[in-house]
Each structure stands twice: as C-alpha cells, then as structure tokens.
Amino acid sequence: VSAYPYRVDLASVDESEVTITVRNFRDAEQTHRVALKLPEGITAEPPVLEGSVAPHSRRSFDVTLRVDRSRAPRGLTIVPLD
C-alpha cells in the first residue's frame, strides 16, 4: 500500500502498511532524517526515516502505522501524509 493519495484510513483497521518515498531533485547525494509527526494515539514503525538518496532519484521506506484507540481522539479515522 502506498501513502498515495496522501492519507490512510484507519476506521476499520488498527494497523496499516504505507510506503513513504523520499525524493532528491538535486545534482548531489542528499542525506535526510524524516521524523514522522503523528496524531495522538497513532504510532509508526520505524518512527524516523534516515539515510541518503542519490542525485535525481528516490528511496522508499515501508512504514507500519498503528492506532491505539484508547489514546486517539474520538472520531480520528484518517491520517494525512505529506
């Protein structure tokens, strides 16, 4: 499952796999550290995406999102990604 179209529906499941892609538009290798900021009650494994991306290329990361309904705000079912 991809993060496209930039949201994940957790209404009927407690866990969902997404693929997050980091793109490098530059002419040189680029290092990155992406810390996922999620709503209360939602966790990600891994919570941080670190690495490097070759020039003019991309790198994809598989991430598992989990919801703890006892901690999530009532009515939260969609997690937006950008």
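Tutor: Buried means under 20% relative accessible area, exposed over 50%, and partly exposed in between, with a 1.4 Å probe and protein chains only; strands are DSSP runs (E, at least two residues), numbered from the N terminus. This is a predicted model, in which local features need pLDDT of at least 70 and side-chain atom pairs count only at pLDDT 80 or more, while totals for chains, interfaces and linings use all residues. Residues are numbered from 1 along each chain as its sequence is written, and side-chain values use heavy atoms, with hydrogens and water left out.

Strand 2 runs antiparallel to strand 6 (residues 57-67), and 10 bridges join them; two strands pair if DSSP finds at least two bridges between them. Val 22 has Arg 59 of strand 6 as its bridge partner. Arg 58 also lies in strand 6, and its C-alpha atom is separated by 5.5 Å from that of Val 22, 36 residues apart along the chain. Arg 58 counts as exposed because its relative accessibility is 52%. Leaving aside residues up to four places away in sequence, Arg 58 touches Thr 21, Val 22, Arg 23 and Val 53, where contact means heavy atoms within 4.5 Å. Val 63, with neighbours within four places in sequence set aside, is in contact with residues including Ser 16, Glu 17, Val 18 and Ile 20.

Methods
Helices (H or I, at least four residues) and strands (E, at least two) are DSSP runs, numbered from the N terminus.
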